[in-house]
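Biologist: I am new to this structure. Could you show it to me and take my questions one by one?

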Amino acid sequence: MAALAGAGLSAESGVPTFRGAGGLWRQYRPEDLATPEAFASDPRLVWEWYDWRRSLISKAGPNPGHFALAELEKRKQSFTLITQNVDGLEERAGCKDALRLHGDIWTLRCTACGRERKELKTPLGELPPHCSCGGIERPGVVWFGEPLPARVFAAAEKAAREAEVLLVVGTSAAVYPAAGLAWVAKAAGAKLIEINMEETALSLEADCALRGKSGEILPLLVT
Ligand code: BV8
Ligand code: ZN
């Protein structure tokens, strides 16, 4: 069994989704800020967005949907959580082996020497932050136009191929190659269960579409 999670999983924790109503940040769109080009042209603006998100997430906590996925991981040897989210709320709910396709907002990576460090401080103070080598640090996330971490994605593909059931939770299924994992699972014979407030590109493919909040539905699946 596997789950593919998106920003909707964290919505009930108060973390805005990307494409939902509250998802827009000021007059910018995530696709305009979460790119290497945006960072190269205005690292401070991109960091203002990430610093704001980090501060928001630091005040948020895992919701019952995160805890239900952590419980599934505890109970089922063969359960794999694949997440597109970078907020780390899955870990804070007790998940041990989540596959993070798009990286981690709490990791900073130096653009000069490549050194990575976990930095939980919010607000960061100095924007953009600097590495001890003097280089500018970037968020340890995968931006649009950047490849996903190869080993993580290969593990996610394997989990999707081997799953009899794939829960697709709180994702608009708009971002690839992450969304493609649902089709990988389906092609390998998995049953797709979609948990979402709205219809998505995946809904017609789903064997079962559960309309509602993941924080309410997931705990029902785990009782
Ligand atoms: C790559 C990290 C190649 C950063 C993110 C044209 C067609 C297809 C693909 C492309 C294309 N043009 C370009 C591409 C590729 C591109 C892409 O997919 N673009 C999209 C926009 C069309 N993909 C990439 O660039 C990827 N890289 O392809 O590299 C390559 C290979 C080799 C060498 C070089 C390059 C990289 C994509 C990763 C981008 N990074 N995040 C950050 O977070 O700042 S993506 C970002 O979107 C987040 O990770 C997010 O998780 C992800 C997906 O969004 P969702 O999670 O689905 O969130 P969304 O807001 O969209 O939807 C929320 C859903 O929840 C909604 O359905 C809503 O109804 C529901 N919901 C809300 N509340 C609840 C709920 N459901 C249940 N309960 C609730 N309470
Ligand atoms: Zn450095």
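Biologist: Is the crossing of H7 and H8 left-handed or right-handed?

Modeller: Bear in mind that this is a predicted model. H7 covers residues 150-162 and H8 covers residues 180-187. Their axes lie 7 Å apart, at an angle of about 35 degrees. The crossing of these two helices is right-handed.

Biologist: Which residues of H8 make the contact with H7?

Modeller: H7 brings Phe 153, Ala 156, Glu 157, Ala 160 and Arg 161 to the contact. By class, the contact has six nonpolar, no polar and two charged residues. On the H8 side, the residues are Leu 181, Val 184 and Ala 185.

Biologist: Which residues come nearest to ligand 1?

Modeller: There are 36 residues around ligand 1.

Biologist: Which residue has a side-chain N or O atom 2.7 Å from an oxygen atom of ligand 1?

Modeller: Take the backbone first. A polar backbone atom of Gln 84 is 2.9 Å from an oxygen atom of ligand 1. For Gly 145, a backbone N or O atom lies 2.7 Å from a ligand oxygen. The side chain asked for, with its N or O atom 2.7 Å from an oxygen of ligand 1, belongs to Asn 196.

Biologist: How much of the accessible area of ligand 1 does the protein cover?

Modeller: On its own, ligand 1 has 1500 Å² of accessible area.

Biologist: Where is Pro 128 placed?

Modeller: The peptide bond from Leu 127 to Pro 128 is cis, with omega near -10 degrees. Strand E5 spans 116-118 and strand E6 spans 137-141. Pro 128 sits in the loop between E5 and E6.

Biologist: Which residue has a positive phi although it is not a glycine?

Modeller: Look at the loop between E7 and H8, where Pro 177 has its place. The peptide bond from Tyr 176 to Pro 177 is cis, with omega near 5 degrees. The residue asked for also lies in the loop between E7 and H8. With a phi of about 55 degrees, it is Ala 173.

Key. Residues are numbered from 1 along each chain as its sequence is written. Chains are lettered from A and ligands numbered from 1 in the order in which they are written. This is a predicted model: local features need pLDDT of at least 70, side-chain atom pairs count only at pLDDT 80 or more; totals for chains, interfaces and linings use all residues. Side-chain values use heavy atoms; hydrogens and water are left out. Axes are lines fitted to C-alpha atoms, for helices over the stretch in contact, and angles run from 0 to 180 degrees between N-to-C directions. Helices (H or I, at least four residues) and strands (E, at least two) are DSSP runs, numbered from the N terminus. A crossing is left-handed if the near helix is turned anticlockwise from the far one by less than a right angle, and right-handed if clockwise. Contact means heavy atoms within 4.5 Å. Ala, Val, Leu, Ile, Met, Phe, Trp, Tyr, Cys and Pro count as nonpolar, Asp, Glu, Lys and Arg as charged, and the others, Gly among them, as polar. A residue is near a molecule or strand if one of its heavy atoms lies within 4 Å of it. A polar contact is a pair of N or O atoms within 3.5 Å; within protein, one must be able to donate a hydrogen and the other to accept it, and residues adjacent in sequence count only if both atoms are side-chain atoms. Accessible areas come from the Shrake-Rupley method with a 1.4 Å probe; for residues, only the protein chains shown count as cover.
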